[in-house]
Amino acid sequence: MKKISFRNDVLPLKNALYRLALRITLNTAEAEDIVQDTLIKVWDRRDGWDDIDSIEAFSMTICRNLALDRIKKAENQNGSLDAVPFETPDAAYNPYEQMIQKDRVELVRKLVDSLPEKQRSCMQLRDFEGKPYREIAEILGITEEQVKVNIFRARQAIKTKFKEFDNYGL
């Protein structure tokens, strides 16, 4: 097997890696970052290059996986309640509806703040920061099952209290 050189064998792949990342992410800046991360990962694994049949296939696989991970991570990101746009049709838009929507967002914020600390922390880490259950469990020092139970209870409490408030006076 031939000796693989980073400069001669890996760096010329950067344009193909960029096109692959761009096709997956549809974002030029994100694709550039992915290519850079791919080249770093390939370089970090230079000790095992002799065992690789095709450095091009190896690099493309890393690039594809990184791009898919970035997309998955972006889909799991939940913005803050302030960043949520209000969907209002132009014909039916009025200041009263805007005020109602703003009040509901503020109510949800207050309801989240009123939760017990552990439920609030679990919900914050999962729903607002997009952390996986395992990571939340490590951060809070509890089991994954306890994390899931706390999130379920927090969501149920907010849902119940919100319905009570929303239906008040009907």
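Predicted model: local features only at pLDDT ≥ 70, side-chain atom pairs only at ≥ 80, totals over all residues.

Modeller: Residues are numbered from 1 along each chain as its sequence is written, and side-chain values use heavy atoms, with hydrogens and water left out.

Biologist: At what angle do H2 and H4 pack?

Modeller: Helices (DSSP runs of H or I, at least four residues) are numbered from the N terminus. Axes are lines fitted to C-alpha atoms over the stretch in contact, with angles from 0 to 180 degrees between N-to-C directions. Helix H2 covers residues 14–25 and helix H4 residues 55–76; their axes lie 9 Å apart, and the packing angle is about 25°.

Biologist: Which orientation does that give H2 relative to H4?

Modeller: Angles under 35 degrees count as roughly parallel, over 145 as roughly antiparallel, 65 to 115 as roughly perpendicular and the rest as oblique. At about 25°, H2 is therefore, relative to H4, roughly parallel.

Biologist: How are H3 and H4 oriented to each other?

Modeller: Helix H3 (residues 28–44) packs on H4 at an angle of about 130°, with the axes 9 Å apart. H3 and H4 are therefore oblique.

Biologist: How many charged residues does the contact of H3 with H4 have?

Modeller: Contact means heavy atoms within 4.5 Å. Among the residues that meet are Glu 30, Asp 33 and Lys 41 in H3, and Phe 58, Cys 63 and Arg 70 in H4. By class (Ala, Val, Leu, Ile, Met, Phe, Trp, Tyr, Cys and Pro nonpolar; Asp, Glu, Lys and Arg charged; the others, Gly among them, polar), this contact has 8 nonpolar and 2 polar residues, and the number of charged residues is 5.

Biologist: Is Leu 20 buried or exposed?

Modeller: Leu 20 belongs to helix H2. Beyond its neighbours within four places in sequence, Leu 20 is in contact with Met 60, Cys 63 and Arg 64. Buried means under 20% relative accessible area, exposed over 50%, and partly exposed in between (1.4 Å probe, protein chains only). Since its relative accessibility is 15%, Leu 20 counts as buried.

Biologist: How many disulfides does a search of the whole structure find?

Modeller: Cys 63 is buried, with a relative accessible area of 0%, and Cys 122 also counts as buried at 0%. A disulfide is a pair of cysteine sulfur atoms within 2.5 Å. For the whole structure, the number of disulfides found is 0.

Note on methods:
Helix = DSSP H or I, 4+ residues; strand = E, 2+ residues; numbered from the N terminus.
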